[in-house]
Amino acid sequence: MQRSSSISSSSVDAPTPHCYCGVTSLIRTSWRSDYPGRRFYGCSGYGTSRKCSFFQWYDPEPPARYSDVIRRLLETNECIRSENRELKKTRQELLDELRRLQQSVHETRAELEAAVAASTAMEDNMLASVVRTRRHGVVIIVLISVIVLLIFFPDRSR
């Protein structure tokens, strides 16, 4: 049995009552808005198939201020729980968005790497083409030079 220093000695020394089922009653706490935080004896079969309606207050009637404070604390607690649910929802949405952005970055990176590879291959082909063109140009210049030499400087050995 739970004990509290706020209980008078007469209630602490009193024997624990038995419910209508004949079973020792449990101390429970009410969270209804009309008796928030107030403790009572209730059947141990509460919430089961046993239909026992035994009820007896454990705590003396608290001052009105007590109930008001408990109600405000319960309201504040519910607000905090609601905010916590909203924050968890927002956190999950942000995590989902982060995953989508990471996937997008991964796809964009792959596309850029493919474009760089294609550009590098094209640059290599262009450089090879320039080298071939230079070689052809050199060959053409050499041929033209030989032709010019043959035309303007015919064989003098004759």
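**Aromatic pairs and nonpolar core**

Histidine 18 is partly exposed, its relative accessible area being 48% (buried means under 20% relative accessible area, exposed over 50%, and partly exposed in between, with a 1.4 Å probe and protein chains only). The model is predicted, so local features need pLDDT of at least 70 and side-chain atom pairs count only at pLDDT 80 or more, while totals for chains, interfaces and linings use all residues. Residues are numbered from 1 along each chain as its sequence is written, and side-chain values use heavy atoms, with hydrogens and water left out.

The protein contains two helices and three strands, arranged along the sequence in the pattern α-β-β-β-α. Helices (H or I, at least four residues) and strands (E, at least two) are DSSP runs numbered from the N terminus. Of the 158 residues in the protein, 15% are buried. The protein exposes about 13,000 Å², and 60% of this area comes from carbon and sulfur atoms; the areas follow the Shrake-Rupley method with a 1.4 Å probe, and for residues only the protein chains shown count as cover. Contact stands for heavy atoms within 4.5 Å. Among contacts between residues at least 6 apart in sequence, 38% join residues at least 24 apart.

Histidine 18 belongs to the loop between helix 1 and strand 1. Apart from neighbours within four places in sequence, histidine 18 touches Val23, Thr24, Ser25 and Phe54. Its C-alpha atom is 9.6 Å from that of serine 44, a residue 26 places away in sequence. Cysteine 19 is also placed in the loop between helix 1 and strand 1, but is buried, at 6% relative accessibility. Beyond neighbours within four places in sequence, the contacts of cysteine 19 are Ser25, Cys43, Cys52 and Phe54. Cysteine 19 and glycine 45 are separated by 26 residues in sequence and by 9.5 Å between C-alpha atoms.

The largest nonpolar core has seven residues: Cys19, Ile27, Tyr41, Cys43, Cys52, Phe54 and Tyr58. Such a core is a set of buried Ala, Val, Leu, Ile, Met, Phe, Trp, Tyr and Cys residues joined through side-chain atoms within 4.5 Å. Phenylalanine 54, a member of this core, is in contact with Pro17, His18, Cys19, Tyr20, Ser25, Tyr41, Gly42 and Cys43, when neighbours within four places in sequence are left aside.

A pair of aromatic rings is described by the distance of the centres and the angle of the planes. Rings of Phe, Tyr and Trp (its six-membered ring) pair if their centres lie within 6.5 Å; planes under 30 degrees apart count as stacked, over 60 as edge-to-face and the rest as tilted. Six aromatic pairs are counted by this rule. One of them joins tyrosine 20 and phenylalanine 54 edge-to-face, with the centres 5.4 Å apart and 85 degrees between the planes. This pair links distant parts of the chain, 34 residues apart: tyrosine 20 is in the loop between helix 1 (9-13) and strand 1 (26-29), and phenylalanine 54 in the loop between strand 2 (39-42) and strand 3 (55-57). Tyrosine 20 is exposed, at a relative accessible area of 63%, whereas phenylalanine 54 is buried, at 11%.

A further pair, phenylalanine 40 with phenylalanine 55, is tilted, because the ring centres are 5.2 Å apart and the planes stand at 35 degrees. Phenylalanine 40 is in strand 2 and phenylalanine 55 in strand 3, so this pair ties together parts 15 residues apart in sequence. Phenylalanine 40 counts as buried, at 15% relative accessibility, and phenylalanine 55 as partly exposed, at 43%. Tyr35, Phe40, Phe55 and Trp57 form one aromatic cluster. The charged end of arginine 38 sits over the ring of tryptophan 57, at 3.8 Å from the ring centre (the criterion is NZ of Lys or CZ of Arg within 6 Å of the ring centre and within 35 degrees of the ring normal).

Tyrosine 46 lies in the loop between strand 2 and strand 3 and is exposed, with a relative accessible area of 64%. Its C-alpha atom is 10.0 Å from that of serine 25, and the two residues are 21 apart along the chain.

For residues 136-153, UniProt gives the feature "transmembrane region" in an unreviewed entry; UniProt positions are in the numbering used here, feature names are shortened, and annotations may be inferred rather than shown by experiment. In the model this span is 94% helix and 0% strand, and its end C-alpha atoms lie 25 Å apart.
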